[in-house]
Amino acid sequence: MVRDSKIALVALNRFGFGARGGASGDFVNAASDPRGFVKAELSRPNGVLLEVPGLQSTPALAKAVFEYQFEQQQAREAAAKSGAEAKPTEGPPTPAGDAKPQRRNLSLSNIAQDISPKEPAMQSPATNGANATMAPAEASPNPAMQPNAAKPPQQPLNVIQKTFRAEALARLQRATLAECGFVERLVVFWSNHFCISANKGGLARMWAGSFEREAIRPHVLGRFGDMLKAVEQHPAMLFFLDNQQSLGPDSRAGQNRKRGLNENLAREIMELHTLGVGGGYTQDDVTSLARIITGWTFAGRQAQLGPPGNFVFNANAHQPGPQTVMGKVYQDNGIAQGEAVLADIARHPSTAKFIATKFARHFVADDPPPALVARLQETFSKTDGDLKALAITLVDSSEAWDAPLTKVRSPYEFLVASGRLLARIPEDPTRYLGGLNVLGQPLWSPAGPNGFPDTNAAWAAPEGMKLRLDISAQIASRLAEGIDPRDLLELAAADAASEETRHTIERAESRQQALALLLMSPEFQRR
Amino acid sequence: MLRRPNVIGDLAPRAVRGALDGLATVAPTGDPDYAPLHGSIALTPDGPHPALMLDSFFALHPAMPEFARMYHEKHAAVIHAVATSYRDRSHFDGQDVLESGFAGPGRVQSGWLNRALQALPKGERVMSALAVGPTTPLVLRGAAPTVGWTPAALPQAGDDTAMRLVELYQHRDPALASALTQGLLLDKAAQGDDMKPKPGTNGAAAMRLVARGAAKLMAADDGPRIAALAFDGWDTHANEGGPVGRLAQLLSGLDGALAEFEGGLGARWRDTVVVVATEFGRTVRINGTEGTDHGTGTIALLAGGAVKGGRVISDWPSLKPASLYQGRDLLPTTDLRAVIKGVLRDQFGLAERVLAETVFPDSAAAKPMQGLVA
């Protein structure tokens, strides 16, 4: 039984987002057929696509954001012309002592809403710490009198914020509801591999979700080469790595505007997306690729190149002539020149090795077993980058099941796993987004194009663990009423729970404390 | 029968979560077995921190001067050797019984206070009950409307939780133990430890703030007349402390919270009853770590202008070895439900039948205690 439970824990936590609470039966199902449990999601047709009413295509989102930005600009110009001050957008400050309680639990559905995540898990990193939160309250004459309902009036969300939140919510709901969550974990892996950052600007924030839906998801169980092409031709990536600004020096546009190459995207394609550092390319190869993909851009608000927000090949910006990349000459046949390079480097042995290593590191161990990496590399090469075959090789390997659960869940995995275990389908992404910010993994917003780190050094860091504990305590303070943490431990780990963890939870002085400790237990944090 | 035609007496039950050591809060200093059994943490009527004598037999913890004052003004009372109907020693189950009002833990999704609200005559100015904290506690959950209020500063993970986790990591996951320990140290250092109140006193300050906010809401003319709040941190397995120390700081917070209610409710305090209850008591004998383990009998406190106070109400079972429950705990001689039913009957005019069948199902044997409310 203990052995079965330990294998079930691997199936649920290493490959998925952890057991769901309630009557899901996840742990029992995972224990009875661990590999089948993990692989079941791989054979669901279209199971990886995220098609939710209200989520729009990249061009539709572009239209909305261009309109919004245009209105903003008009308003600014009008204000400047009339010399009028901008209207104050904030309402009068709420008197601190004017505490009005919020009507609560008039019905069960209201209870459900009330306990669903609504607010940032924490206000900001600056207010963390057991003592820090009390200090301002003690110092003020009317301390601690902010009622639930009377938050300072907030500006209405603009279309960019609304879109980002809707995309985030759809992704969180999918991850929370998924059976094992292996496919969603794969989405997160590939999305981080080919990351953009929403912090790049309004367009990036607007498109962060549609980029993942359009460029990543359709190929998560497809071919690497197809994903690579979809990513590098997606407006979000072209915007993120500045390729829409890159002009062939000898192209008509380059000549007219006296501007030229931007190597950013070309470099990251080779260094981060395919071959990896030391993958056999040189600076000349980067420059050549940069020239080759000049003209890869998207249509802007003016629609000069086509319908706004669509990928277009702008021949006017494209560097004419043949180019040599890694010893091979690519004739200038327009967009096909770059697509040919991508197809070749997608098949390059360095790419196979880079991807295999990163894949195994993500799922199995910071220092993955070399035999496993070799087998993944072989699969990748033999199948011409079939990512479903890659995932199956991982699940079929013995290493992925035998290696101890040494990795610490990323903040995203941790928060999603918590929501799953507590059987809370997110209805509002705010708390999740706040928690991810605090824990250093802001959604779709890594610090650089290399994405979020994927090692324990990053996530099991001192400050991170302390903040994770605070977040766990806050989750517990909201959600522990009416649940029994001992039952939750059974659902999360069953016989794989250690005696120490079991006793720590049983002896906790309250449900709240017990739940916080459960969420922080090695059984819940390690995968 | 209502005491006043249009004012429902106020009620603020306070759950003290984690099992309050009743013998350390209201000490039977007159019982010859008390001092030897409670050992190094026993209260004494003399010494540098003398306990506050309530009568010739019981003494109050010195960290609670406000409660002592209310007691001597006859607006506070103690019920000793009390327990719910729960006889095992799990916090969660014990809290479940305490708040649900059912005879055993059963995952009932409503609490006795909410059911009491439902039983009130229609048209009374009850408004709705106030649930303090981020969620509605079980005691107030149910069909009757409630309102919620959360202090602005959400609690961070407490030191006690952090220490329990560090201990678990030390046994199971040394790498996480090291990371978390460093993180906690860094956090303390960043805050400038000496600039801040110590964690314990901080907890006491937090209790006062919560009570101040709740009292302010209840004092409003159209404010809620009933409120429930919970304080955590009473699970004093180690280094409980005697007249000073960890429990003393918690009791100081509780004492301060009662004073905040008294001050904040103003004229309404006259009609108020605050009930302080906990899921069970703690062992009579201290354990090997200067603390106490989960027990059975404990105390309940009543405070407020409506309380017929100045009394320790107890059918004292004595602390002789043969008198202890299972040889280790204070034997409960009073059913907590009888205390609460007594308050509900006199304060709200609820019928005994309703109390015995709806509010506290299957509790007919625990008759409402007489004369708790003036």
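A: Helices are DSSP runs of H or I with at least four residues, strands are runs of E with at least two, and both are numbered from the N terminus. By this count, Ala371(A) belongs to helix 17 of chain A, which covers residues 370-382. The model is a predicted one.

Chain A has 27 helices and five strands, and 50% of its 527 residues count as buried. Chain B has eleven helices and twelve strands, and 61% of its 374 residues count as buried. In chain B, among contacts with a separation of 6 or more, 73% join residues 24 or more positions apart. The corresponding share for chain A is 73%.

Strands of a sheet pair through backbone hydrogen bonds, in either a parallel or an antiparallel sense. Strand 6 of chain B pairs with strand 7 of chain B, residues 146-149, in the parallel sense over four bridges. Along this pairing, Ala129(B) has Thr146(B) as its bridge partner, and Val132(B) stands opposite Trp149(B). Strand 6 of chain B also pairs in the parallel sense with strand 8 of chain B, residues 226-231, here over three bridges. In that pairing, Ala131(B) stands opposite Ala228(B).

Strand 7 of chain B is likewise covered on both faces. Thr146(B) and Gly148(B) are on one side, Val147(B) and Trp149(B) are on the other, and all of them are buried.

Elsewhere in chain B, an open sheet of three strands, in the order 2-4-3, has antiparallel pairing. Its edges are strand 2 (26-27) and strand 3 (52-53) of chain B, each of which pairs on one side only. Strand 2 of chain B pairs with strand 4 of chain B, residues 59-60, over two bridges, and Ala27(B) stands opposite Ala59(B) there.

Two further places complete the view of chain B. Ala19(B) lies in the loop between strand 1 (10-16) and helix 1 (22-25) of chain B. Its phi is near 80 degrees, a positive value in a residue other than glycine. Ala19(B) counts as buried because 27 other C-beta atoms lie within 10 Å, the cut-off being 20 or more. Helix 4 of chain B, residues 91-100, has nine of its ten residues buried, so this helix is largely enclosed by the rest of the structure. Its buried residues include Phe92(B), Val97(B) and Leu98(B). Just after helix 4 of chain B, Gly101(B) takes a positive phi of about 80 degrees.

Helix 7 (residues 159-177) and helix 20 (residues 411-421) of chain A pack at an angle of about 60 degrees, with axes 9 Å apart. These two helices are therefore oblique to each other, and helix 7 of chain A passes helix 20 of chain A in a right-handed crossing. At their contact, Leu172(A), Ala175(A) and Thr176(A) of helix 7 meet Val416(A), Gly419(A) and Arg420(A) of helix 20 of chain A. By class, this contact has three nonpolar, two polar and one charged residues.

Helix 14 of chain A, residues 283-292, has buried residues including Asp285(A), Leu289(A) and Ile292(A). The buried residues of helix 14 of chain A pack against helix 13 (264-273), strand 4 (323-325), strand 5 (328-330) and helix 15 (335-346) of chain A.

Two exposed residues of chain A remain. Lys258(A), in the loop between helix 12 (252-257) and helix 13 of chain A, has a positive phi of about 50 degrees although it is not a glycine. Lys258(A) counts as exposed because it has 8 C-beta neighbours inside 10 Å. Ala371(A) counts as exposed because it has 12 such neighbours inside 10 Å. Ala371(A) and Gln302(A) are 69 residues apart in sequence and 54 Å apart in space, C-alpha to C-alpha.

Notes:
Residues numbered from 1 in each chain as written. Chains lettered and ligands numbered in written order. Predicted model: local features only at pLDDT ≥ 70, side-chain atom pairs only at ≥ 80, totals over all residues. Contact = placed C-beta atoms within 7 Å. Pairing = 2+ DSSP bridges. Axes fitted to C-alpha atoms, helices over the stretch in contact; angles between N-to-C directions. Parallel < 35°, antiparallel > 145°, perpendicular 65-115°, else oblique. Left-handed = near helix turned anticlockwise from the far one by under 90°. Nonpolar A, V, L, I, M, F, W, Y, C, P; charged D, E, K, R; others polar.
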